[in-house]
Amino acid sequence: MAKRGSLATASVALLASLVVRRTGGIVTNRIMFYCQHVLGIGHLVRSAEIVRELARDSHVLLVTGGEIPDGFRFPENIDTLQLTPLKTSPDFSSLQLCDFSRSLEETRAIRRKMLIQAFNEFKPDVLVTELFPFGRKHFRFELLPLLERARSQKSRRTLVVSSVRDILVARKDQEEYEQRVCSLVNSFYDLVLVHGDEKFLKLDESFSRVTDLRCPVAYTGYVAQQSKPDAGKSYDPPMVDQSRPAIIVSNGSGQYLTGQMLLENLLRAAHLLQGQIPHEFRFFAGPLMPEETYNSLQTLAAASGNVRLSRYTPDLAAVLKRAELSVSMGGYNTVMDILSAGVRALVYPVTSNGDQEQSVRAEKLARMGVLDLIGPEELAPEKLAQKLAAALRNEPTRLALNRDGAANSALLLRKYLAMHREHILDVPETGLCSREESVAQRQVPERRKAGAQQEGNL
């Protein structure tokens, strides 16, 4: 009971603190950003990077609904609201509790109430729902009431935005799924932000009914980490021998069985390569990996003199810039870190539950020579050792993708909020610009944006 009381008290105190901030006497825009991560932390990492940019000139409330890993650093100068965490089963078929002090129905009711209360107290100018309604259908119990609340305002109406990555998960009921998404977008949303580069991948490659969406669809560019998180060094211990070149093996959140199997086989491959290559292997197992699994990997790591195993680094992009080779799965954020570092890379895409998102992106990059793939038939330690040695001799192709999605998201939200307030939200084009242009545009009024590349909507 004490746990319940302390949570309720903390929630009331937090919501009571959501007051309008002023900068130089001017009221800033208020942005409520909802992010629900389930098995991995990729959605949380991407959302945090976007929120970091939004907080430069807006008052941001980041609402999170999943387990927060130890060592994760939220952006400074934002408010956060942690809902009682929920996750999904490994096959994404049902919701599961993270905190067993309440039933699932009690948890759902508490979360729903907290969301509506936060909306009422914060009074956002912009409401962003990450992935929904293109995903997270299990969270309709709280998001539909939130969207209805946003639309019920009489004196003022919040700009409602969906934030989605470049590739959506294919569904068995694809036709029914796309109809449901179109219905929700057309009923509640004013804008869809796609965090990808239209020149590389278009949303309609995984969602065929983009043209049926009655709101603008704007490409932001890919969201890549631009700044080092606070206190990152405490989760990135120095290498044992700084003179040895590094092979970095990362595993996202650590919860996927696919990634756990990959790490086990790579540890065995590293042992085989002792004495053959001068490199040190740095393994990041994942902050949410089960303790029993992590302990098993530690035992394997201890058998090799060329391996260092850690739980997590919040700044993988910086670690990769000092590496000779990256080995990982093919998640959005990891691939962006690889591209930012320009490092050689071996990628083993996750294909569990029929999800082809990682495969589509990684296979296209492999065809362009940017990285190399590990196939299911190459997971034996002996074959992995050969693959690693060969990869160290390759030089990756450099790819010019727009990776300024966080800064451009902030620019686009500001632009569409201004248009929303003037009731002219039907302008048919959006700006897609580089980070240098983004910084320059912060220093001049919107009407003087010169040189920003104009991209047509889908």
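Lys 123 is partly exposed in this predicted model, with a relative accessible area of 46%. The residue is placed in the loop between helix 3 and strand 8.

Asp 125 is buried, because its relative accessible area of 9% falls under the cut-off of 20%. The side chain of Asp 125 makes a polar contact, at 3.3 Å, with the side chain of Arg 421. When neighbours within four places in sequence are left aside, the residues in contact with Asp 125 include Thr 28, Asn 29 and Arg 30, as well as Arg 156, Thr 158 and Leu 159. Leu 417 and Arg 421 are also among the contacts of Asp 125.

A positive phi is likewise found at Asn 77, where the angle is about 65 degrees although the residue is not a glycine. Asn 77 belongs to the loop between strand 4 and strand 5. With a relative accessibility of 57%, Asn 77 counts as exposed, since the cut-off for that class is over 50%. A further feature of the backbone is the cis peptide bond between Phe 132 and Pro 133, for which omega is about 5 degrees. Pro 133 lies in the loop between strand 8 and helix 4.

The chain as a whole contains 13 helices and 19 strands. Of its 458 residues, 55% count as buried. The exposed surface comes to about 19,600 Å², and carbon and sulfur atoms supply 51% of this area. Among the contacts in the chain with a separation of 6 or more, 76% are between residues 24 or more positions apart.

Seven strands form an open sheet with parallel pairing, in the order 5-4-3-8-9-10-11. At its edges stand strand 5 (79–82) and strand 11 (217–219), each of which pairs on one side only. On average, neighbouring strands of this sheet are turned by 20 degrees against each other, direction ignored. Strand 9 (residues 159–165) and strand 10 (residues 191–195) run parallel and are joined by five bridges. Ser 163 has Leu 193 as its bridge partner in strand 10. Helix 4 (residues 140–151) packs on the sheet and touches strand 3 (29–35), strand 8 and strand 9. The direction of helix 4 makes about 160 degrees with that of strand 8.

Within this sheet, strand 3 and strand 4 also run parallel, joined by seven bridges. Cys 35 stands opposite Thr 64 in strand 4. Strand 4 (residues 58–64) is mostly covered, with seven of its seven residues buried. This cover extends to both faces of the strand: the buried residues are Ser 58, Val 60, Leu 62 and Thr 64 on one side, and His 59, Leu 61 and Val 63 on the other.

Another open sheet consists of six strands in the order 14-13-12-15-16-17, again with parallel pairing. Its edge strands are strand 14 (307–310) and strand 17 (372–373), and each pairs on one side only. Four bridges connect strand 13 (residues 280–284) with strand 14, and these two strands run parallel. Phe 283 stands opposite Leu 309 in strand 14. Helix 9 (residues 332–341) packs on this sheet, in touch with strand 12 (246–250), strand 15 (325–328) and strand 16 (344–347). The direction of helix 9 makes about 170 degrees with that of strand 15.

Seven aromatic pairs are present in the structure. One of them is the edge-to-face pair of Phe 72 and Phe 74, with 5.1 Å from centre to centre and 75 degrees between the planes. Phe 72 counts as buried at 10% relative accessibility, whereas Phe 74 counts as partly exposed at 26%. The rings of Tyr 177 and Phe 207 have centres 6.1 Å apart and planes at 90 degrees, so this pair is also edge-to-face. Because Tyr 177 lies in helix 5 (residues 174–188) and Phe 207 in the loop between strand 10 and strand 11, the pair ties together parts that are 30 residues apart in sequence. Tyr 177 and Phe 207 are both buried. Together with Phe 134, these two residues form one aromatic cluster.

Technical notes:
Residues are numbered from 1 along each chain as its sequence is written. This is a predicted model: local features need pLDDT of at least 70, side-chain atom pairs count only at pLDDT 80 or more; totals for chains, interfaces and linings use all residues. Side-chain values use heavy atoms; hydrogens and water are left out. Buried means under 20% relative accessible area, exposed over 50%, partly exposed in between (1.4 Å probe, protein chains only). A polar contact is a pair of N or O atoms within 3.5 Å; within protein, one must be able to donate a hydrogen and the other to accept it, and residues adjacent in sequence count only if both atoms are side-chain atoms. Contact means heavy atoms within 4.5 Å. Two strands pair if DSSP finds at least two bridges between them. Axes are lines fitted to C-alpha atoms, for helices over the stretch in contact, and angles run from 0 to 180 degrees between N-to-C directions. Accessible areas come from the Shrake-Rupley method with a 1.4 Å probe; for residues, only the protein chains shown count as cover. Rings of Phe, Tyr and Trp (its six-membered ring) pair if their centres lie within 6.5 Å; planes under 30 degrees apart count as stacked, over 60 as edge-to-face and the rest as tilted.
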